[in-house]
Amino acid sequence: MSCSSQTAFPTLKIVTIPFSDLKDKNVDLSTKIEEGFGPNGLGILSVKDVPEFSSLRQNLLQLSPRLASLPEEKKKQLEDPNSRYNFGWSHGKEKLESGKPDLFKGSFYANPVLDVPTTDPNLIERYPHYCGSNIWPDKVLPELEIAFKSLGKLILDVGLMVAYHCDQYVSKGIKMNEDESLEQLLLRSRCHKGRLLYYLPTEESDSIQNGDSVSSWCGWHTDHSSLTGLTCAMFKRDGVEIPCPDSAAGLYIKTRTDQIVKVVFGEDEIAYQVGETTEILSRGFLCATPHCVRAPKGKEASGVDRSTFALFMQPDWDEKLNFPEEMHIHKELMLANCSLTFGEYSDKLLDKYYHMKM
């Protein structure tokens, strides 16, 4: 990879599990799970050698800039304000860190498994960000639906295997009923959500505005889902794929000891990050970590865009979450010893991150 600048933070290759080991339920992966997801881990690991993943990743990420470059009136038709822009196209609606709108990236959200998760009008009104229906650009970019669903379902299937091995590790520390396991929780969920992300080309003015901020492309946050599946980013200049132009650009994680590190994984690997819901339900045996994305800087980075895909694997909206006595996340929401559904928990967090309360 050709890169032009040095990062001030350590760069770490994340824990990697071969797909052949992951799909074998007789292989004990507890050490790997603990190393990646445990209290002393980075909250992330990857799976390599997944059949068909590389081609499906390429197919979808190639469509990201095409979607973002559609005429504004076409993208407007793909917006869903009622879901707080959690279905279809979203740009400038989210706010992170400073409270300012996030204008550096656009997103396209869809459920890769169910186009219509429910037809219950009460649920649709109560949880529009989960129970709403997909909005596909059928006329202007019809290939997006197939590519999005194909990659999303693959990452979900592999993620369920990761969840199985997470359960094996957690069950060594706490007693767990089978229906409370992470695998079963995700198997019965109707509200997994895929997010195709397009980071706009960074210009010199953007670099000056953000200075040396490590969160210049995406602010610090922690996912509130159970597991997040991630692809390695694709960089382009003028429509042509290029290597990352800056070694300091990419995904950064803040450890439990407040150390900031840059993490890397291969183009042919699917990375999985622990979300807050898993930390809550595992009583801290699996730990979520804050993360952000740093934009490339320097002359070589001018005009470079970035595309990637994330799949938020999460419980159903009506799954009960029983919060532990000790919590280090969202203390300001005073959730310790509370019992909320995942939908209620999400509502509280969406109120923090979005402009409007619907």
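Is P128 buried or exposed, and what is its relative accessible area?

Modeller: P128 is buried, with a relative accessible area of 11%. Buried means under 20% relative accessible area, exposed means over 50%, and partly exposed lies in between, computed with a 1.4 Å probe on protein chains only. Two remarks on the basis of these values come before the details. The model is predicted: local features need a pLDDT of at least 70 and side-chain atom pairs count only at pLDDT 80 or more, whereas totals for chains, interfaces and linings use all residues. Residues are numbered from 1 along each chain as its sequence is written, and side-chain values use heavy atoms, with hydrogens and water left out.

P128 belongs to helix α7, which covers residues 128-131. Helices (H or I, at least four residues) and strands (E, at least two) are DSSP runs, numbered from the N terminus. Leaving aside neighbours within four places in sequence, P128 is in contact with N82, S83, F87 and L123; contact means heavy atoms within 4.5 Å. F87, one of these partners, is 41 residues from P128 in sequence, yet the two C-alpha atoms are 9.0 Å apart in space.

F87 leads on to D80. Not counting residues up to four places away in sequence, D80 touches F87 together with Y85 and I135. D80 is placed in the loop between α5 (72-76) and β4 (88-91), and at a relative accessible area of 16% D80 is buried. Between D80 and P128 there are 48 residues in sequence and 9.5 Å in space, C-alpha to C-alpha.

For the chain overall, twelve helices and 17 strands make up the secondary structure. Of the 358 residues in the protein chain, 57% are buried.

Because 20 of its 28 residues are buried, α8 is largely enclosed by the rest of the structure. E143, in turn, is touched by R66, which also touches L141, not counting residues up to four places away in sequence. R66 is in helix α4 and is partly exposed, with a relative accessible area of 41%. R66 and V140 are 74 residues apart along the chain, and 9.9 Å separates their C-alpha atoms.

Helix α2 (residues 30-37) is one of the elements that pack with α8. Two packed helices are described by the angle between their axes and the distance between the axes. For α2 and α8 the angle is about 95° and the axes are 9 Å apart. That makes α2 roughly perpendicular to α8. Axes are lines fitted to C-alpha atoms, for helices over the stretch in contact, and angles run from 0 to 180 degrees between N-to-C directions. Angles under 35 degrees count as roughly parallel, over 145 as roughly antiparallel, 65 to 115 as roughly perpendicular and the rest as oblique.

At this contact, S30, I33, E34 and F37 in α2 meet V162, H165, C166 and Y169 in α8. By class, five of the residues are nonpolar, two polar and one charged; Ala, Val, Leu, Ile, Met, Phe, Trp, Tyr, Cys and Pro count as nonpolar, Asp, Glu, Lys and Arg as charged, and the others, Gly among them, as polar. The buried residues of α2 are S30, I33, G36 and F37. They cover an arc of only 140° around the axis, which puts them on the same side of α2; the arc is that of the directions from the helix axis to the C-beta atoms. Their cover includes α8, β2 (15-18), β3 (44-48), β8 (227-230) and β13 (269-274).
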